[in-house]
Amino acid sequence: MAEDSELWDVICDRPYVPTKNVGEPAVMVPKTRKEYNDADRKVVEKNFRTKKILVCGIGPDKYNQISACQSAKEICEALQMAHEGTTQVKQSKIDMLTTEYELFRMKDDESIQDMHTQFTSIINELHSLREIIPRNKLVREVLSVLPSSWEIKVNVITEAKDLQTLTMDELVGNLKTYEMKENKDNERKEPNKEKNLVLKAENNY
């Protein structure tokens, strides 16, 4: 659509074929190329431009799957089938990803960034299969996957923020800030801990 908003119509509908009425009663038949007028040529060109964009946008491994396709609509349908599979295969993928989404948990030694990367990967795969999860539900899900050590922070966010309007970026940013502060505090405590151990050892002597 960035190239031409009408190109997407070629994929959604069908290639435009200029026609003319012939005989009595009139029968609609395709025009020959020599019979095209300027308007016909412009619309037919959109068919080829759309096909070119699709062909140039895929790798050689996918080209063999669409090389026999005659129209942009056929190419798009072939790529969709290759990616999603049949309706049954697509539903199986959705079911597996949904289970993975529901069972997802952040590990105790995992960072917020790593957790968010893995979580987003699952969401994006579901999105590519047209399984859209509402934003506010995603925010609540992230809060529920955090380890028990995050319980105090989760309670603070739940009480202080409106989870209906809180965005994922805001939530992750808030969690990262808290994580950095916690890591900083732990770094300060570590030297004191070592110092106490040394003093304890000296007193034992």
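Predicted model: local features only at pLDDT ≥ 70, side-chain atom pairs only at ≥ 80, totals over all residues.
I began with confidence: pLDDT is the predictor's confidence in each residue, from 0 to 100. The protein has a mean pLDDT of 86, and 92% of its residues reach 70 or more. I number residues from 1 along each chain as its sequence is written, and side-chain values use heavy atoms, with hydrogens and water left out.

**Entry: elements and confidence**

For the elements I took DSSP runs numbered from the N terminus, that is, helices (H or I, at least four residues) and strands (E, at least two).

**Entry: the hairpin**

I looked up how β1 and β2 are joined, counting two strands as paired if DSSP finds at least two bridges between them. Strand β1 (residues 19-22) and strand β2 (residues 27-30) run antiparallel and are joined by four bridges. I noted that V22 has V27 of β2 as its bridge partner, and that K20 has V29 of β2 as its partner. Four residues lie between the strands of this hairpin, in which G23 takes a positive phi near 80 degrees.

For accessibility I used relative accessible area, with buried meaning under 20%, exposed over 50% and partly exposed in between (1.4 Å probe, protein chains only). D40 belongs to helix α2 (residues 38-56), and it counts as buried because its relative accessibility is 5%. Leaving out residues up to four places away in sequence, I find D40 in contact (heavy atoms within 4.5 Å) with Y16, P18, K31 and E35. I then turned to N64, which sits in helix α3 (residues 60-66) and counts as exposed because its relative accessibility is 63%. From C-alpha to C-alpha, N64 and D40 are 30 Å apart in space, with a separation of 24 residues in sequence.

**Entry: cysteines**

I searched for disulfides, each defined as a pair of cysteine sulfur atoms within 2.5 Å, and the count came to zero. The closest cysteine sulfur to that of C69 is in C76, and at 10 Å it is too far for a bond. For C76, the closest cysteine sulfur is in C12, at 7.8 Å, again too far for a bond. C69 counts as buried at 11% relative accessibility, whereas C76, at 22%, counts as partly exposed.

**Entry: nonpolar cores**

By the rule I applied, a nonpolar core is a set of buried Ala, Val, Leu, Ile, Met, Phe, Trp, Tyr and Cys residues joined through side-chain atoms within 4.5 Å. In soluble globular proteins, nonpolar side chains tend to be buried together. The largest core here has 28 residues, and those with the most contacts inside it are Y101, I112, M115, F119, L146, L171 and L175. The elements giving it two or more residues are α5, α6, α7 (135-145), α8 (151-160) and α9, and α6 supplies the largest share, six residues. With residues up to four places away in sequence not counted, I find Y101 touching F119, I122, I123, L126, I133, K137, L138 and E141. I also recorded a second, separate core of seven residues, including I11, L54, A72 and I75.

**Entry: aromatic pairs**

I paired rings of Phe, Tyr and Trp (its six-membered ring) if their centres lie within 6.5 Å, calling planes under 30 degrees apart stacked, over 60 edge-to-face and the rest tilted. Searching the whole structure, I find three aromatic pairs. The rings of F104 and F119 have centres 5.7 Å apart and planes at 55 degrees, so I log this pair as tilted. F104 lies in the loop between α5 (87-103) and α6 (112-128), whereas F119 lies in helix α6, so the pair ties together parts that are 15 residues apart in sequence. Lastly I checked S144, which lies in helix α7 and is partly exposed, with a relative accessible area of 42%. S144 and F104 are 40 residues apart in sequence and 9.6 Å apart in space, C-alpha to C-alpha.
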